[in-house]
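Thanks for coming. I have one structure to go through today, so please have a look at it before I start.

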Amino acid sequence: MQNLRPETLTDNELLRYALLENPKGLSEAWGNVLLQRMAVLVDQNNTLLSAQNKMYEDAFEEGFAAGVAVAHQ
């Protein structure tokens, strides 16, 4: 694992290296890269969850409106 550079690793490889192959801890530089990558993944996940929640809210509102329309016929 010599000559490894964090920027050449995928997210999964970086996490594996950090957790499994370096149990004594990471250097500050490697730790910073890991934190930055994880922050990006969390942001991406939050964005996806927000979009999914919006989709469900819209579907509920459409379904509710259709139900009200049918009830008033």
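Where is the place of Arg37? Arg37 sits in helix H2. Before I say more about that residue, please note that this is a predicted model.

Let me give the overall layout. The protein chain has 2 helices and 0 strands. Helix H1 covers 11-19 and helix H2 covers 28-71. For H2 we can check the length. With 44 residues at 1.5 Å a residue, H2 should span 64 Å, and its end C-alpha atoms are 63 Å apart, which agrees.

Now the overall dimensions. Along the principal axes, the C-alpha atoms of the protein chain fill a box of roughly 75 × 20 × 20 Å. The radius of gyration is 22 Å, whereas a compact globule of 73 residues would have one near 11 Å. Of those 73 residues, 15% count as buried. The chain exposes about 6,100 Å², and carbon and sulfur atoms supply 58% of that area.

So what is buried? The largest nonpolar core has 7 residues: Leu9, Leu14, Tyr17, Ala18, Trp30, Val33 and Leu34. Helices H1 and H2 are the elements that give two or more residues to this core. As background, nonpolar side chains tend to be buried together in soluble globular proteins.

Which residues of H2 are buried? They are Trp30, Gly31, Val33, Leu34 and Arg37. These buried residues of H2 pack against H1.

That brings me back to Arg37. Its relative accessible area is 18%, and the cut-off for buried is under 20%, so Arg37 counts as buried. What is Arg37 in contact with, leaving aside neighbours within four places in sequence? The partners are Pro6, Glu7, Leu9, Thr10, Asp11 and Leu14. Not counting residues up to four places away in sequence, Leu9 touches Leu4, Leu14, Trp30 and Arg37.

One more residue of H2 for comparison is Asn32. Asn32 counts as partly exposed, at 36% relative accessibility.

Next, the aromatic rings. A pair of rings is described by the distance of the centres and the angle of the planes. How many aromatic pairs are there? The count comes to 2. In one of them, the rings of Tyr17 and Trp30 have their centres 4.6 Å apart and their planes at 40°, so this pair is tilted. The pair links distant parts of the chain, with Tyr17 in helix H1 and Trp30 in helix H2, 13 residues apart. Both Tyr17 and Trp30 are buried.

Phe60 and Phe64 form a stacked pair, at 6.2 Å centre to centre and 20° between the planes. Both lie in helix H2, 4 residues apart, about one turn of the helix. An α-helix has 3.6 residues a turn, so residues three or four places apart point the same way.

Are Phe60 and Phe64 buried or exposed? Phe60 is exposed, with a relative accessible area of 59%. Phe64 is exposed as well, at 53%. To put the two pairs side by side: Tyr17 and Trp30 are buried, whereas Phe60 is exposed and Phe64 is exposed.

That is what I have for today.

Technical notes: Residues numbered from 1 in each chain as written. Predicted model: local features only at pLDDT ≥ 70, side-chain atom pairs only at ≥ 80, totals over all residues. Heavy atoms only, no water. Core = buried A, V, L, I, M, F, W, Y, C linked by side-chain atoms within 4.5 Å. Buried < 20%, exposed > 50% of the residue type's maximum accessible area, 1.4 Å probe, protein only. Contact = heavy atoms within 4.5 Å. Expected span 1.5 Å × (residues − 1). Phe/Tyr/Trp six-rings, centres within 6.5 Å; stacked < 30°, edge-to-face > 60°. Rg over C-alpha atoms; globule rule 2.2 N^0.38 Å. Areas by Shrake-Rupley, 256 points an atom, 1.4 Å probe, with all protein chains shown as cover.
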